[in-house]
Amino acid sequence: MKIHFSVAYRFLIFFSLLLWHISAANSADFPKLLEAVPLSQTAIQLQFNGQLQAETAEDLDNYLIAPDVQLEYALLDPRLNRVLLLTTPLEIEKTYHLTLPHSQTGIVITLPPVNEITFGTGDAVTFSGGLQDTTLLVNKDRKTRNNNAGAAPTLLCDPTGSVFFAAFDLYDAFEDIGIREPTQVLEATISLHVQECETDAAQTVLFRRVLLPWREGRGTSERAEDNELTYNSALHRNLPWNKPPAQAMLAGIDGDNESDYNGSEDIAHRIDGTCEISGAGKRWTFESALLTEAVRFWVANPDYNYGYLFALQDGNAPIVFSSKEAADENLRPLLTIRYQTSNSK
């Protein structure tokens, strides 16, 4: 009996050490969980303090949410060390406990009725990527008039007619977060960093909704190709912009209706808003009720999201903004949306 007990005891110790080793190994695969932010009734974003491996980060067995929440999918964003968990519906303002079983890490989460997300790049964004932007340059030398500066680290609007475009691709994010009803969007703002401005006097920059698809250029030193955005053409030479500098003036086309996107117009006749710029080295916020309405429209019609044109409306000095190619990613364009977390009608 003593021999059998000794063998059993040794086996128990060995098995316990094996379980501890497996648990420690699995725990080592996970950096420390810093926070868990519920984005909607079916999406939770986890922020870790170090690099994650997709094999473990996207393994649903590594997460547990109680009470009564089932995990359906896990998606790793390796650039930001984040994991997006898709779940069965959470109840608003109910307390849940998220644990990582292998590491015994736990955190309390509660879904608020109203939330805020930011699109772009940088330390503070909720979702990265999906941005396109470019400048249509107007120079005194007409030979360079058609340059499309899509690869430049800056965006420009100036008194000579240079304008820039910016668009955020929201389709996948809306689907992942669970923003499926336009009425969920409560407010939208675009934040742009001014890099250079020759005057501190207030100058007005307007923004109009773009009604046709467009493509970025390759840089300021090369002439645009036929299928790149220029003053003379949108996607090809037979589809021109109506009026340089890409600001159509025909009445009755404002981009609110699906029928407006039929190729007869390029930029909405209506100005959706303006922003007074009076200095460089800081961010300026573009906001209006019409911008919020545009985002609502894009929720319902994601294929018609072509973003905005920005132009100098009132001023006599060029304004240089940071583009999505800016060396400091925290200076790049941002779109912020405040929204209802429930998608029930």
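The following legends describe close-up views of side-chain contacts in a predicted model.

**View 1. The aromatic pair of Trp298 and Tyr308.** Eleven aromatic pairs are found in a search of the whole structure. Trp298 belongs to helix 4 (residues 289-300) and Tyr308 to strand 17 (residues 308-314), so that the pair links distant parts of the chain, ten residues apart. Trp298 and Tyr308 are both buried. They belong to one aromatic cluster, which also includes Phe164, Phe207, Phe286, Phe310 and Phe321.

**View 2. The salt bridge between Glu329 and Arg79.** A search of the whole structure finds eight salt bridges. In this one, the side chains of Glu329 and Arg79 meet at 3.0 Å, N to O. Glu329 lies in the loop between strand 18 (319-322) and strand 19 (334-340), and Arg79 in the loop between strand 4 (71-77) and strand 5 (82-87), 250 residues apart. Glu329 is partly exposed, at 23% relative accessible area, and Arg79 is partly exposed, at 40%.

**View 3. The salt bridge between Arg338 and Glu187.** The closest N and O atoms of Arg338 and Glu187 are 3.6 Å apart. Arg338 is in strand 19 and Glu187 in strand 13 (residues 185-197), 151 residues apart.

**View 4. Contacts of Arg209 with Asp272 and Phe297.** Arg209 and Asp272 form a salt bridge of 3.9 Å, N to O. Asp272 is buried at 3% relative accessibility, as is Arg209 at 0%. Shared partners join Arg209, Arg270 and Asp272 into one salt-bridge network. Arg209 also lies over the face of Phe297, 5.6 Å from the ring centre.

Key:
Residues numbered from 1 in each chain as written. Predicted model: local features only at pLDDT ≥ 70, side-chain atom pairs only at ≥ 80, totals over all residues. Heavy atoms only, no water. Phe/Tyr/Trp six-rings, centres within 6.5 Å; stacked < 30°, edge-to-face > 60°. Helix = DSSP H or I, 4+ residues; strand = E, 2+ residues; numbered from the N terminus. Buried < 20%, exposed > 50% of the residue type's maximum accessible area, 1.4 Å probe, protein only. Lys NZ or Arg CZ within 6 Å of the ring centre and 35° of its normal. Salt bridge = Lys/Arg side-chain N within 4 Å of Asp/Glu carboxyl O.
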